[in-house]
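Student: Hey, could you walk me through this one? I've never looked at it before.

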Amino acid sequence: MITIEEMQFGGLLTMVMLTLMLVLCVPRRAKHHAGFGCGRWLMAAGTLLVAVQFALQHIGGFRHMGVSQAVLWNLLFFLPAGVLINIAVLYIQRRGNVSRRGWLWGGAACGLNTLILVTTLLVDGIPMAEESAPLRRAEYASAVLFLVIQCYYLQMHLKEYRRLQQAVDEFYDHERRDLLGWMARSVILLGMMALMVPLAIFFQGVPLKVFSMFFFFVIAYCVISFYRYGISEDMVRVEESEDADGEEVTTNCEKKKEDADTLDDDVKLHVEEAMKQWKKSGAYREHNLTLSSVAHQMNIPQKQLRLWLRQSAYGKLATLVTTLRIEEAKSMLAGHPEWTIDYVADHCGFNSREYFHQVFLEKTGTTPAKYQAGAGD
């Protein structure tokens with residue numbers, strides 16, 4: 001079975017490789033995007049701290065001295081590393097605009113954590129190689145502090161993720177869970193790790209090794225996903241969905257509270273008339289529509305279209321477009337039994353036969369093939 005020393009060495013290599021990836025693989029996007037550019041340095045600093053912790057554990061053999069000695073080094077490095085990684089994710093969620101409060105709470109937690117552990121270690125007077133009850137109690141207090149600050153960042157991540165997902169849902173003509181799926185999974189994994197760390201670091205034997213493997217996986221997944229998102233076009237697509245009327249939305253505080261806005265009666269009538277003409281033109285059959293492209297086709301401001309959709313029975317662009325496409329598909333399937341399902345799906349604007357089948361079944365309770373066969377009977 002793998003030894004704890006081998007686990008520590010493996011963790012050291014993993015963290016060093018992740019740090020080098022973030023530092024050396026400099027994409028062009030990092031130079032022009034403040035959020036990703038700063039975020040990758042913060043995340044690199046976080047993974048480097050974890051690497052230093054594993055190096056010290058491996059060289060010093062603290063696990064063989066006792067649980068308290070090993071946990072001391074875990075908490076001294078894990079908490080600031082966790083703060084840096086969490087803030088790095090916030091940087092990319094908020095496009096580089098992280099409030100002072102986000103930094104202040106993290107810095108205060110790191111300072112208090114160091115003060116508790118180092119002061120206890122110095123005042124205790126018990127040799128490092130021996131177990132210490134006061135040090136153990138200080139570690140319990142630091143473990144709780146770790147949990148609290150991780151939960152603080154977790155709720156911030158969830159709030160930002162919901163905001164981004166709402167923007168994406170309202171912007172595209174179909175669900176784009178692929179754009180932010182990594183972020184949802186990272187938030188969940190970081191939350192699970194936050195709950196486990198305060199307990200798992202006190203484990204020994206097999207439970208500790210199992211947790212260590214989970215810890216390696218979570219950090220590696222979050223870092224690699226963060227990096228891939230930053231160098232891909234997905235970040236551009238998400239940011240495009242955040243932009244309202246050409247103005248960049250950076251934080252919830254700066255974001256205009258569109259939910260509370262209402263359209264004037266004259267404006268509402270103008271949008272509804274533009275919507276009628278747009279429906280008649282059949283433009284909803286075009287592939288890969290977005291809120292901005294539809295607003296341009298209707299010759300109205302994007303914000304007016306967003307507000308109208310929110311206040312309508314549709315709620316968002318995807319629902320409107322899907323409803324119109326399904327009605328068009330039903331008409332084509334019923335009127336042209338000789339046409340293939342693939343042709344109908346493509347003609348109505350669906351990107352694939354599979355997605356068309358899924359949405360049609362969801363909206364009508366039957367498959368396109370069965371609907372077409374039934375219409376021909």
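Predicted model: local features only at pLDDT ≥ 70, side-chain atom pairs only at ≥ 80, totals over all residues.

Student: Where is Gln8?

Tutor: Gln8 sits in helix α1, which covers residues 4-24.

Student: Is Gln8 buried or exposed?

Tutor: Gln8 counts as buried, because its relative accessibility is 7% and the cut-off for buried is under 20%.

Student: OK, and what does Gln8 touch?

Tutor: Setting aside residues up to four places away in sequence, Gln8 touches Phe54, Gln57, His58 and Arg63.

Student: What about the surface? Which residues form a nonpolar patch?

Tutor: That would be Val16, Leu20 and Leu24, and together they have about 270 Å² of accessible area. Val16 is also in helix α1, and its relative accessible area of 34% makes Val16 partly exposed.

Student: New topic. Where does Tyr221 lie?

Tutor: Look at helix α9, residues 206-231. Tyr221 is in there.

Student: Which residues is Tyr221 in contact with, apart from its neighbours within four places in sequence?

Tutor: Trp182, Arg185, Ser186 and Leu189. Take Leu189: Tyr221 is 32 residues from Leu189 in sequence, and their C-alpha atoms are 9.1 Å apart in space.

Student: Let's do rings. How many aromatic pairs does the structure hold?

Tutor: There are 23 aromatic pairs. Ring pairs also link Phe54, Phe78, Phe211, Phe215 and Phe216 into a cluster.

Student: What lies over the face of Tyr172?

Tutor: Arg176 does, at 5.4 Å from the ring centre. In another spot, Arg325 lies over the face of Phe350, at 6.0 Å from the ring centre.

Student: Why can charged side chains pair up at all?

Tutor: Side chains of opposite charge can pair when their charged atoms come close.

Student: Got it. How many salt bridges does the structure hold?

Tutor: The count is 15 salt bridges. One of them joins Arg177 to Asp169, with 3.6 Å between the closest N and O atoms.

Student: And are those two buried or partly exposed?

Tutor: Arg177 is partly exposed, with 42% relative accessibility. Asp169 is buried, as its relative accessible area is 12%.

Student: Show me another salt bridge. What does Glu328 pair with?

Tutor: Glu328 forms a salt bridge with Arg285, and their closest N and O atoms are 3.2 Å apart.

Student: Which parts does that pair tie together?

Tutor: Glu328 lies in helix α14 (residues 317-335), while Arg285 is in the loop between α11 (265-281) and α12 (291-298), so the pair ties together parts that are 43 residues apart in sequence. As for burial, Glu328 is buried with a relative accessible area of 19%, and Arg285 counts as partly exposed at 25% relative accessibility.

Student: Last one: which residues do salt bridges with shared partners join into one network?

Tutor: The network takes in Arg94, Arg95, Glu160, Arg163, Glu239, Glu242 and Asp243.

Technical notes
Residues numbered from 1 in each chain as written. Heavy atoms only, no water. Helix = DSSP H or I, 4+ residues; strand = E, 2+ residues; numbered from the N terminus. Buried < 20%, exposed > 50% of the residue type's maximum accessible area, 1.4 Å probe, protein only. Contact = heavy atoms within 4.5 Å. Patch = residues over 30% accessible without salt bridge, like charges linked within 9 Å, V, L, I, M, F, W, Y side chains within 5 Å. Areas by Shrake-Rupley, 256 points an atom, 1.4 Å probe, with all protein chains shown as cover. Salt bridge = Lys/Arg side-chain N within 4 Å of Asp/Glu carboxyl O. Phe/Tyr/Trp six-rings, centres within 6.5 Å; stacked < 30°, edge-to-face > 60°. Lys NZ or Arg CZ within 6 Å of the ring centre and 35° of its normal.
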